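Here is a short report on one protein structure. Please keep the sequence and the 3D view open as you read.

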Amino acid sequence: MQHILGLVRRCVEDYNMIEAGETVAVGVSGGKDSLLTLTALARLRAFYPKPFQVQAITLETGMPGMDFAPIADYCAALDVPYIRIAVPVYDIVFRERQEKNPCSLCAKLRRGSLHTALTERGIRKIALGHHYDDAVETLLMNLLFEGRIGCFSPVTYLSRRDLTLIRPMLLATEQEVIGAVRAEGLPIVKSICPADGVTVREQTKEFVHERCRTDP
């Protein structure tokens, strides 16, 4: 965890992600990346030279069988306010629309709901859990499937929403994330989405792993 904290602090400082007095929301899905981002920022606020506050926010999409009570308990232990917002994403995507390729619509609905919730609460900055491997995979997905060279930025300003997205985990590899999550015993809430594990990103992840194995 100390290694992760060092990487997060360096990323925050290098890209000037946080200003003094800000409240930074962390989008918490229950997965390893978002929970480690929350943990790192909650600990960073104790010694970072620019004082800031942290809040956690979860969109409860109506996915059957997902229980975020352990996340609520963990946020209380971190002394981080926890916001839970119910949005009918599962019903819209899988029952009403019965999407064959649900990820795009699901992401759009969740993103819109999240931005609206932040705006209503006067929060202008949110931390996402993307790590180094995510950046590599995004670059390759854009190149192979869209014919363009592009990736997300460490800091992204959305002018239409007046929101800033930051990605403080961007210097950490997925293996470093997994190691820290196991060492900390974080309360992961496993996704039971029907599309989990069969996405283009998962295919790209497997492609990268195979290239690393055959041509390190």
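Arg 43 is partly exposed, with a relative accessible area of 30%. Here, buried means under 20% relative accessible area, exposed means over 50%, and partly exposed lies in between (1.4 Å probe, protein chains only). The model is predicted: local features need pLDDT of at least 70, side-chain atom pairs count only at pLDDT 80 or more, and totals for chains, interfaces and linings use all residues. Residues are numbered from 1 along each chain as its sequence is written, and side-chain values use heavy atoms, with hydrogens and water left out.

Which residue does the side chain of Arg 43 meet in a salt bridge? The partner is Glu 184, at 2.6 Å from N to O. A salt bridge is a side-chain nitrogen of Lys or Arg within 4 Å of a carboxyl oxygen of Asp or Glu. This pair links distant parts of the chain: Arg 43 is in helix α2, Glu 184 is in helix α7 (residues 174-184), and they are 141 residues apart. Glu 184 is partly exposed too, at 29% relative accessibility.

## The whole protein

The protein has eight helices and six strands. Both are DSSP runs, numbered from the N terminus: helices are H or I with at least four residues, strands are E with at least two. Along the sequence the pattern is α-β-α-β-α-β-α-α-β-α-β-β-α-α.

Of the 216 residues, 42% are buried. The accessible surface comes to about 11,600 Å², and 52% of that belongs to carbon and sulfur atoms. These areas come from the Shrake-Rupley method with a 1.4 Å probe; for residues, only the protein chains shown count as cover.

Now take contacts, meaning heavy atoms within 4.5 Å. Among contacts between residues at least 6 apart in sequence, 77% join residues at least 24 apart.

## Helix α2

Helix α2 covers residues 32-44, which is 13 residues. From first C-alpha to last it reaches 18 Å, close to the 18 Å expected at 1.5 Å a residue. The expected span is 1.5 Å times one less than the number of residues.

Is α2 mostly covered or mostly open? It is mostly covered, with 11 of its 13 residues buried. Among them are Asp 33, Leu 35, Leu 38 and Leu 44.

In one of them, the side chains of Glu 19 and Lys 50 meet at 3.6 Å, N to O. Glu 19 lies in the loop between α1 (2-14) and β1 (23-27), and Lys 50 in the loop between α2 and β2 (53-60), so the pair ties together parts that are 31 residues apart in sequence. Glu 19 is partly exposed at 33% relative accessible area. Lys 50 is partly exposed at 26%.

Glu 174 forms a salt bridge with Lys 205, with the closest N and O atoms 3.1 Å apart. Glu 174 lies in helix α7 and Lys 205 in helix α8 (residues 200-214), so this pair ties together parts that are 31 residues apart in sequence. Both residues, Glu 174 and Lys 205, are buried. They belong to a network of salt bridges that links Lys 32, Asp 33, Glu 137, Glu 174, Arg 201 and Lys 205.

## Aromatic rings

A search of the whole structure finds one aromatic pair. Tyr 48 and Phe 52 form it, edge-to-face, at 6.2 Å centre to centre and 80° between the planes. Rings of Phe, Tyr and Trp (its six-membered ring) pair if their centres lie within 6.5 Å; planes under 30 degrees apart count as stacked, over 60 as edge-to-face and the rest as tilted. Tyr 48 and Phe 52 are both buried.
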